[in-house]
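The paragraphs below lead through a protein model, beginning with the chain as a whole and moving on to a few individual residues. Please keep the sequence and the coordinates at hand while reading.

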Amino acid sequence: MDAGEIDHTHIDFNDGEKQPLLRKFGEERRREGQNVTFKRADSMPFYDSDPHRTVLQMPKKMFAVAASDLMSTAAEIDEEYPRTRHDNSMSDKSEVSWPKHAAGQIPAILLLCLLNLMISIPFGVSYFPIGWRADSGELDSENSSGSEDVVDGVFPVTGKEALGIRMFLFSTFVGQVMFTFASKFKNPASCQMVENVPFCHSLAYIVIAEQGYGLEALSTLFFLFGLSSLLVGFVFYLLGRLEMGRVIYFFPSHVLLGCIAGIGIFMSTTAIEVTTDEPFSFDMEGLKGCIEKSYLLGVVVLFEVVLRVLMCITKEKGKPRFPLLPPIYFCLITPIFYLVTLLSGTPFSAIKDAGYFFPSPDICDPNDDGECVRQTILSSIFNEDVWTIWRVVNFSTISWIAVAKSIPTMMSLIAFSLIHVPINIPAFAISTNVEADFNAELVAHGYSNAFAGLFGGLQNYMTYGGSILYAKAGGEGKGSSLAVSIGTAAFFFVGPSIASYIPRCMAGTLLLHIGIDLFLEGVCDSYGNFDWLEYGGIWFITIIMTIYGMTAALLAGIASALSVYAAQSVSYQNPVRRTMTARSLRSSSWNRPTEAASILDSNEIGRKKILIIQLQGHLFFGNVAQLTDNIKATLEQKKGTPAEPWIVIIDFTLVLGMDSSAAQAIGKLKDTMRKRFHIDVAIFVSGSRDGFPCKYDLSHELSCPADPADQDTISKEAALLFGGEAKTEETDGPTNLVHTPRLIRSSRDTGLPIPQNLVCDSLDSALIFAENVLIARKNPCLLEDIAEFREPLTKSNNEGEFYSSDEEKRSAIIFLSNLCPGESLSDVEQLFSLFKREVYNENEIIWRQGSVSDSAKLLVKGRLLSLLENEEGTLEQIPTGAMLGELGLVKGIDRLNTVQCVSDGAVLYSLDREDWDVLKRDNPRIARFIDMIIVNYLSHRIQHVNSRVFETKYLPV
């Protein structure tokens with residue numbers, strides 16, 4: 001077993017203190033019948049196996065876009081992360097003074113605050129389309145108009161980059177405060193949901209197309225930002241409050257990977273735009289712009305190539321030896337750039353004028369003479385532009401048309417936002433060995449996004465990588481988390497000023513690296529793990545997202561998921577699982593007369609004439625044609641041959657679902673089998689007393705006649721085919737028939753009217769009926785002889801007890817003789833002479849499970865029900881003529897089941913232990929009959945179960 005892997009057989013799921021989340025996770029999976037294997041999330045290299053996938057079986061990395069190298073690789077800082085359980089009471093630090101503890105939190109607080117600032121720069125400058133420029137040039141913002149294809153206008157307020165950075169930091173600040181009080185974790189780290197940057201652009205395109213580039217457009221856009229966050233928060237809160245968190249898992253993997261690859265391309269193009277400060281498009285104009293700004297892009301490409309080479313040469317056995325290499329490398333880009341600039345002797349002003357740095361948030365203020373006076377850092381901090389996030393929204397200027405057009409995009413944004421939480425929360429819970437309440441964390445995310453939305457902020461979430469980094473640095477507790485919030489708030493004011501000293505190549509390299517990683521994640525790492533249709537869907541979604549945007553990509557994802565499901569249902573699972581005859585799949589009725597058994601064993605008129613067709617999977621409009629064609633082809637192949645069936649049983653037990661189109665096609669198939677292939681009886685097995693797995697009333701369609709005038713009554717003779725117990729009304733006990741059947745006269749004369757179509761709830765009851773039909777064809781008297789003794793018991797007018805008769809004794813001897821094939825009638829009568837008659841009333845218990853086995857009994861009249869009290873729903877009806885309790889009598893073990901009378905009355909003949917002991921001593925040859933009954937019964941049961949397992953792959957119930 002690999003290092004870091006925990007086999008489920010060695011996990012103590014009962015040790016809630018040591019393995020609380022594993023215990024809960026393992027119990028859930030064991031209830032689903034799955035093996036559970038865990039891998040420690042913090043022991044796996046980020047670039048090869050992400051902990052997210054290990055925990056949730058989702059695609060690796062799974063949208064961990066938010067500085068995936070600055071944050072997610074923090075999960076691999078230490079291969080041996082301490083696995084001690086954190087205690088919220090902090091009692092483990094009782095010996096440490098609070099000043100010492102507070103001082104120990106400072107490194108973690110500073111680290112997380114600096115991390116937030118570093119991430120805010122590349123993503124903060126990318127919230128708005130690059131064509132919505134911060135400088136005016138020759139454009140008039142009032143007269144400009146835009147579209148999604150061409151965005152080229154003036155940003156209506158100064159400091160576009162500063163505004164974006166503050167948007168990031170504000171959303172992160174709100175999330176940090178909310179998680180401090182609402183999350184169950186001691187060290188959560190919030191982050192703005194940077195994966196939604198493409199949606200910010202889509203919303204901006206819609207608004208610009210309606211209102212142009214003026215302040216009114218920015219007002220509408222910020223209203224949409226806040227509204228979308230409110231909606232995301234509401235959905236999170238609702239899912240958590242209603243405990244519906246598992247709904248989030250229903251996302252097809254190939255659709256998610258297509259979105260990942262599309263976001264990767266978007267991040268890569270954003271890297272080009274952030275680096276060149278020019279819009280990029282996949283045409284000659286975009287290529288020309290890249291060539292013109294190649295001196296800027298070249299630096300980014302150089303840094304990225306060097307990083308990729310370093311990552312390649314430091315791998316050991318395909319895994320990175322230094323997980324912190326990428327984040328350290330990104331942090332070193334800025335000092336390296338300054339060092340190279342200093343060594344080259346190039347003036348700093350020339351480098352800045354060439355576009356290597358981001359512009360200052362507020363470059364200047366006009367003085368009385370109209371001249372530009374450069375602001376100081378202090379004056380820029382307290383400039384009124386700091387409050388632009390809240391000042392820009394004016395409800396009187398909002399374009400409600402743009403809001404209406406943005407609804408599909410916001411719905412896509414909501415769906416996309418739901419993907420991250422089920423990845424981050426369980427992964428972080430296992431990494432820190434804390435038992436997480438998934439629904440409570442959803443509620444916390446609801447609060448954080450709702451409060452951010454109320455103040456016009458963007459969406460946020462608890463990030464896995466940042467939380468792990470914060471936890472490993474020693475950060476924990478509400479005080480420490482609030483200090484991170486305060487530090488993030490401080491950077492809200494000074495961060496944009498600091499950003500003007502960060503070279504564009506740092507942000508460009510980070511965005512390009514993430515974009516390439518995500519693109520490779522979607523289209524390269526997935527190659528060979530999906531079939532051609534799913535893999536084609538990944539490329540299809542990626543291309544659609546690149547050309548038409550996120551909303552179109554999610555619609556393409558829905559179309560791809562439906563197409564893959566339909567195609568795979570048709571291609572990979574034939575709805576007809578197997579066809580076989582009843583010679584290899586017999587019923588449980590084994591105590592038949594010798595003559596009846598010989599009929600069923602005949603090659604000409606026996607079980608070979610019963611054809612069983614087993615269906616599987618989902619039946620729907622896409623594969624029902626294949627289903628009916630396969631059945632017709634099978635019947636056509638056997639038509640006119642010795643193997644031509646008289647009875648066809650179609651088993652739906654393994655069918656999981658069925659739509660109306662498939663149900664109607666099955667209804668037509670029964671008529672085709674009767675008219676075209678001359679099938680006497682078509683039996684349909686629903687597999688459940690509730691009927692077929694569809695809304696369409698297929699049971700009624702298959703059982704009732706088209707013309708009521710053609711319906712015969714279920715006569716006493718016809719009831720013989722049902723074991724003398726055909727029913728037309730609902731009963732509380734087990735019943736074989738789902739609907740009253742239609743009776744006809746067979747084209748092959750049986751002497752009895754038989755059902756043309758029949759619906760049974762189990763395959764065994766269908767087989768028993770089909771075997772009875774074959775017996776009736778040859779000799780109906782055999783069924784009559786058996787049924788004669790299954791008539792309802794009559795009562796004495798005076799005593800109210802069941803009376804005995806010679807016919808009853810004769811039937812009992814016949815039943816016992818059937819159980820002892822090949823033995824003389826005189827020997828059977830000698831054995832029967834030791835049996836004593838017993839009568840039981842309805843609902844009376846014959847014996848209870850666990851009681852002493854003191855007798856064996858022969859059921860002569862009535863119906864008994866066998867049930868296992870320790871297993872809910874395990875019932876079996878005991879047929880007339882069966883012997884019960886013989887195993888306990890011979891072996892001396894306690895009763896294995898509870899037996900109850902479920903008919904108006906039941907007559908049994910009992911052989912008690914005293915007589916059995918005498919029989920063994922005085923006449924062991926006759927006593928051996930009981931031993932042979934046990935052997936025959938057990939061998940039949942083994943054959944019965946074995947045929948079900950190997951022929952149908954499910955056990956008989």
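A residue is called buried when its relative accessible area is under 20%, exposed when that area is over 50%, and partly exposed in between, with a 1.4 Å probe and protein chains only. By that criterion, buried residues make up 54% of the 957 residues in the protein chain. The model is a predicted one, in which local features need pLDDT of at least 70 and side-chain atom pairs count only at pLDDT 80 or more, while totals for chains, interfaces and linings use all residues. Residues are numbered from 1 along each chain as its sequence is written, and side-chain values use heavy atoms, with hydrogens and water left out.

Secondary structure is assigned from DSSP runs, numbered from the N terminus, where a helix is H or I over at least four residues and a strand is E over at least two; on this basis the protein chain has 33 helices and 25 strands. If a contact is taken as heavy atoms within 4.5 Å, then, among the contacts in the protein chain with a separation of 6 or more, 79% are accounted for by residues 24 or more positions apart.

Consider next K184, which lies in the loop between α4 (160-182) and β5 (190-192). K184 counts as partly exposed because its relative accessibility is 48%. Although K184 and A436 are 252 residues apart in sequence, their C-alpha atoms are 7.0 Å apart in space.

Helix α30 (residues 825-832) contains E829, and D827 is placed in helix α30 too. Are these residues buried or partly exposed? D827 is buried, because its relative accessibility is 11%, whereas E829, at 39%, is partly exposed. Leaving aside residues up to four places away in sequence, D827 touches R925, I926 and F929. The side chain of D827 also makes a polar contact of 3.0 Å with that of S824, a polar contact being a pair of N or O atoms within 3.5 Å, of which, within protein, one must be able to donate a hydrogen and the other to accept it, while residues adjacent in sequence count only if both atoms are side-chain atoms. For E829, the C-alpha atom is separated by 9.5 Å from that of I814, 15 residues apart along the chain.

Finally, the cysteines: a search of the whole structure finds 0 disulfides, a disulfide being a pair of cysteine sulfur atoms within 2.5 Å. C290 counts as buried at 15% relative accessibility, while C312, at 54%, counts as exposed.
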